[in-house]
Amino acid sequence: DLRIELMSPDSNLVPLSIRRGGGDNNFTGTCFRGQGANGMLSSNTNHPPYTGEYDPDGDLALFNNGQDPNGTWFLVVTDMAGSDTGSVQGFSITFGNNPTPHGIVPCDVHNAMMCQCPDGTQDCDLLPDMTASAAALLNGSYESHDTIFINNATPNIGWGPLEIHGINSCWCDTVQVSCTTSVCPDGNPPRQLVEQTIYHKDTATMTSYNRPAGTMTYHPQHGHIHLDGWASYTLRQAEYGVDPPDWPVVGTGNKMSYCLVNLGTCTTGNGYCVDTNGTILSQPDFPNFGLGSVTGCSTDQGIFVGNLDVYSQALFGQWITLDSVCNGDYYVVSITDPNNLILETNENNNWAAVPFTLQQQLNLPFPSVNFTYSALANTVTFTNASTDFDSLEWDFGDGQRDTSSNPVHTYSSTGTFDVVLTAYNRCGFKQQVQSFTITTSGISTAGTASLFGVKVYPNPTTYKINIDFGLSVRIPVQIQLLDILGNEVIRLEDSILDMGSHHYTADLSSLAGGPGIYLVRVVTGNKVICKRISYVK
């Protein structure tokens, strides 16, 4: 948690180490120099105590600016965490005849030369891209009676840092108060207005500007300041045709406000940082890795490029309270910056959804849902075969709905339609989806895809995958898990399956090949679909 900087007699300040080393201790005989033998402190192979030569986080060549080097130099050490103490025992400076050239540091808030723009130009805003981590949700979340305890993380996979600053403007409701006020009339601490700092690269020149970004509040349970409404997590039921952030909510998380701090880096080992294609990202995938200037739990907070904040399930408030919820299969959905207060490169990739099976709640049955159909020309008769339901809703795929048990529906045009039957009871709902084509001569499945709606999740995963798909006809189906070379690892299915929806689960924890990239292949008589998955530890 140490920020270590060197200041020259002309007050030029260059960072040597910005919060490197995690929770470990000590810089012992540490030499910062250009082209240090051990590279950057942030390398995955470097861990405290730091002994030997290292590249600094800043550019030492900035001291070679024509100024007289004689005078008083300062080592500036700031402890960014309130719980630890330490001491500075000494430092020295050695001047050599071969000064460090510019360009050693990949990217720095003081010198934008080596920073890269996402569009390949030399003139751009370097914005963060804050996401939610499916791997973090899978890594440590657990259930007890009436509660789910959640492990959450918010990675920055963007081109610039997430950086916020309190602006010393505090409020109790709509009344402005001094920021030294401890408690508002309603018993809560005052809220302080926050601005986000955006860095702008113009060739080698780095400038910045600020924009409003919500509020921050002191949280006595944690003893520090949190950004309000930073993340939300909920337990939800999956609904066909709807994105996870809009699925029906079963339980809502207690905690939404957090301090923003670097508590980890993006590595293939943890799999917490993933792009929109599901590819796990690590340090080499970030041209501006480590770009940032503030992080921590004071009024100045942030998350550097290629870093992430982790909110352990052991922290106060990291839980979802369940009120008379039935055992069964659900999803935990985490949304970072749900109110879109932070400016980012991508505002649409800030959520993650992972399956979660409840086993310690109410032991009551969900509906069992199924239906059949027959047709005369473009008029289709649907027959409900569901059980344990209180009510039904049919979606005929053409914008029309019905709540009767066995409806007869006339389609006004030809086309392919996904018919969804939803059965409800006190536990929630279950859905069945079947697809068919209305032609000029009636209903047909010939020439249409017998296999549809293939989903493989979660991706990445730490131990198991779920495979969902639908069949429009009774047909032979083969489901395989392949390694990256195409060799079969597991065969999950090889038989004739009935029309309708199907679900399979595969446990990957005992795979001989261990973590890596695998392919899920689903084969029917007229279609082959492959999905790539990442299995991480």
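1. Arg491 is partly exposed, with a relative accessible area of 41%; partly exposed here covers the range between buried, under 20% relative accessible area, and exposed, over 50% (1.4 Å probe, protein chains only). The side chain of Arg491 meets that of Glu488 in a salt bridge of 2.9 Å, N to O, and that of Asp494 in another of 2.8 Å. A salt bridge is taken as a side-chain nitrogen of Lys or Arg within 4 Å of a carboxyl oxygen of Asp or Glu.

2. The model is predicted, with local features requiring pLDDT of at least 70 and side-chain atom pairs counted only at pLDDT 80 or more, while totals for chains, interfaces and linings use all residues. Residues are numbered from 1 along each chain as its sequence is written, and side-chain values use heavy atoms, with hydrogens and water left out.

3. Asp395 is partly exposed at 21% relative accessible area, whereas Arg401 is exposed at 52%. The whole structure holds seven salt bridges.

4. The protein chain has one helix and 37 strands; helices (H or I, at least four residues) and strands (E, at least two) are DSSP runs, numbered from the N terminus. The C-alpha trace spans about 95 × 60 × 40 Å along its principal axes. Of the 537 residues, 47% are buried. Among contacts with a separation of 6 or more, 63% are between residues 24 or more positions apart; contact means heavy atoms within 4.5 Å.

5. The accessible surface of the chain is about 24,800 Å², and carbon and sulfur atoms account for 49% of that surface. Areas come from the Shrake-Rupley method with a 1.4 Å probe; for residues, only the protein chains shown count as cover. The chain carries 21 positive and 50 negative charges, whose mean positions are 7 Å apart. Lys and Arg count as positive and Asp and Glu as negative, with His and the chain ends not counted. The place of a charge is NZ of Lys, CZ of Arg, CG of Asp or CD of Glu.

6. Asp337 is in the loop between β21 (328-336) and β22 (351-358). Asp337 is buried but has no salt bridge, and the nearest side chain of opposite charge, Arg211, is 7.4 Å away. Beyond neighbours within four places in sequence, Asp337 contacts Gly229, Trp230, Ala231, Ile342, Glu344 and Asn350.

7. Asp129 sits in the loop between β6 and α1 (134-138). Asp129 is likewise buried without a salt bridge, and Arg211 is again the nearest side chain of opposite charge, at 13 Å. With residues up to four places away in sequence set aside, the contacts of Asp129 include Pro155, Asn156, Ile157 and Gly158, along with Glu344, Thr345, Asn346 and Asn349.

8. Phe91, Ile93 and Phe95 make a nonpolar surface patch of about 300 Å². Patches are built from residues with over 30% relative accessible area and no salt bridge; like charges are joined within 9 Å, and nonpolar side chains (Val, Leu, Ile, Met, Phe, Trp, Tyr) within 5 Å. Ile93 belongs to the loop between β5 (74-79) and β6 (123-126), and is partly exposed with a relative accessible area of 32%.

9. Gly428 lies in strand β29, residues 428-439, and counts as buried at 15% relative accessibility. Apart from residues up to four places away in sequence, Gly428 touches Gln237, Phe366 and Ala423. The C-alpha atoms of Gly428 and Cys326 are 8.3 Å apart, for a separation of 102 residues along the chain.

10. Pro284 is placed in the loop between β17 (264-265) and β18 (300-303). Pro284 is exposed, with a relative accessible area of 73%. The C-alpha atom of Pro284 is 9.3 Å from that of Gly306, 22 residues away along the chain.
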